[in-house]
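Hi everyone, thanks for coming along. I'd like to walk you through one structure today, so let's bring it up and look at it together.

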Amino acid sequence: MKRASLSALRLCKSTSSFRSSNSYSLPDFWSAKPKSSSLRQNSLLSSQISTVSNRTDDPQSKFGLIVHEENDRRFEKHSHDEYSSDVEKIYRILRKFHSRIPKLELAMQEADVLVSPPLVERVLNRCGDAGTLGYRFFIWSAKQPGYKHTQAAYKSMVKILGKMRQFQAVWDLIGEMSRENPELLSPEVFILLMRRFASAKLVEKAIQVLEEMPKYGCEADEYVFGCLLDALCKNGAVKEAAKLFDDMRMQFQPNLKHFTSLLYGWCREGKLLEAKHVLVQIKEAGFQPDIVVYNNLLSGYSAAGKMQDGYELLKEMKRKGCEPNATSYTILIQALCAKDSMDEAMLVFVDMGRNGCRADIVTYTTLISGFCKKGKIDRAYEILESMKKQGCAPNQLTYYYILAAHEKKEELEECWELVEKMKKAGCLPDLNIYNSMIRLACKLGELQEATRTWSEIESSGLNPGVDTFTIMIHGFLEQGSLVEACHYFKEMIERGLWSAPQYGTLKELLNSLLRDDKLEIAKEIWACIINKRCQLNVYAWTIWIHALYSNGHVKDACSFCLDMLDSGLMPQPDTFAKLMKGLKKLYNRVIAAEITEKVRKMAAERNVTFKSYKRRGVRDEKEKVKAKRQGERFRRARRRRWGKASRAGI
């Protein structure tokens, strides 16, 4: 299909205003979230078929499976009800005034919305990754007459603050709950905090939550202890989890879930001997290994490349009356796909059917990802049609792998055709699909297509996240569209999505603007960050000051260095050395003296001798210059070698 006709077709179609939910639901103990970069099949599908136990009674959840719904149309709950207009109104106000509290409160009063528990929960969900927006609304809503925060609102706020790593604020919130609403303080709140600490690699803090619970009137039981073990094992702290398990055996009666979490952790770390020891402990404790235990061990064998041991374990499962399920076979198929052994993977798939085990969506998606990885897109389409005939509806992730394969081959028209097929099948594209489309459109210079895709994201009710903004900004920068890139960066700031990972984007944006002699626009970007009261660390200031200095704006660099010092941040030693060197060339002793005096005072406050600070700065600056020159010599030598090879006809 030609691009012109495809664009016309897309414009003629009305875009659904519903926001689709994920096409799979995950057990509490693990989650699978697709990454935005193309063809990361192994990590995605490995997370899909992880088999950590769950306390729910649902059989699929118990076995750690991803639960899919046919022809997934589980849009966000109450997406179009009496709250929808108020939610969008509040969200727009938060985006506009979240950094100006008085104006925010005034705008919220003028909005004239009735604050209720469902509305608060919907707004917090709408804020998504923009934690600052959610926090501002949570504080404001608590002051409204006739409204009182529910447990769901508190839990949402714990999640938001935990994701922002504002852990002291979480403890303050829990303290507020215990004083004002003690009946709402349940173990689930502490479990959320445990998981956040564990994901942040703060193991001691996660364990401390268990110890602090009694102070707030909540007693930990075996379930809470199991959640802590699981959180630690899932986040790479299995050694600490094993020690905690041994230390607390007398206080918390071990159950199968505890052992399963440890088994999962050791298998994930590739420590199969330790995993087998846990298996022995399970039997010694009087428990019978179930499908979850076997699937975890099977996953460990597969990850270690011990496929023969995996096949033997499959036979052992059958002998002991524990019939392998779809996850069991999918684990083997995924491992074979990762090794590009697609023929062997198909043999396991066929054997799966012969044994009366019906393939699920994860199985089909695994095979599709494997064929896409090898560039066999036609074969992937065959699997796609086969799964449809078997009554297994594909989800966004299934389509994502095919689309990523088209992206790798730079086939934009084919990508749009696939998106249209998704919509016709009732599977609405998610952000990962749209991110791939935008990335490819920018790469091919089709910026109009990228902008149109962005508009489709907005109209479909999805919230563009940090990844989407970053892709747009970098895409437009690569094509030289600096003004448009600035527009999206400012929009990201306006929506409260600024965070540390965007410092790389900031560096590229500022340097691109200054290289193009757009100093005033670069200053506007920095002013936007300051005006929105974004949290800036030394690294952010260093990016800005070095960008100015490297592009010949020495006085401006020094001026902003003074602003940095006034904000209470001390420049890195090489930054100070660089500025002093530049001011010496300009014979500007006044500014040099002012910066030196402030740095000297700040160094004394930090018990750092100014002499050693200055010496370190000169050394670091010389090392960076030396490394830069060596890199340039290496690149020149490499170009010469390539030139000789080209002339020789190699």
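Let's begin with the second largest pocket: 18 residues line it, and those nearest its centre are His-546, Ser-550, Lys-578, Glu-621 and Lys-628. Which elements give two or more residues to that lining? They are α28 (503-515), α30 (538-550), α32 and α34. The largest share comes from α30, with 7 residues. As for the space inside, the second largest pocket holds about 520 Å³. Do keep in mind, as we go, that this is a predicted model.

Now hold on to two of those helices, α32 and α34, for the next stop. Here we have a positive surface patch, made up of Lys-581, Lys-585, Lys-626, Lys-628, Arg-629, Arg-633, Arg-635, Arg-636, Arg-639 and Arg-640. At least two patch residues come from each of α32 (573-586) and α34 (610-647). Which helix gives the largest share of the patch? That is α34, with 8 residues.

Last stop: salt bridges. How many does the structure hold? There are 22. One to look at pairs Arg-379 with Glu-382, where the closest N and O atoms are 2.9 Å apart. Both residues lie in helix α21 (residues 377-389), and they are 3 residues apart, about one turn of the helix.

That's my tour, and I'm happy to take questions!

Definitions and conventions. Residues numbered from 1 in each chain as written. Predicted model: local features only at pLDDT ≥ 70, side-chain atom pairs only at ≥ 80, totals over all residues. Heavy atoms only, no water. Patch = residues over 30% accessible without salt bridge, like charges linked within 9 Å, V, L, I, M, F, W, Y side chains within 5 Å. Areas by Shrake-Rupley, 256 points an atom, 1.4 Å probe, with all protein chains shown as cover. Salt bridge = Lys/Arg side-chain N within 4 Å of Asp/Glu carboxyl O. Lys, Arg positive; Asp, Glu negative; His and termini not counted. Charge placed at Lys NZ, Arg CZ, Asp CG, Glu CD. Helix = DSSP H or I, 4+ residues; strand = E, 2+ residues; numbered from the N terminus. 1 Å grid on protein atoms, 1.4 Å probe; cavity = no way out; pocket = protein on both sides within 12 Å on 5 of 7 lines; lining within 4 Å. Points joined across faces, edges and corners; volume = space filled by probe spheres on them.
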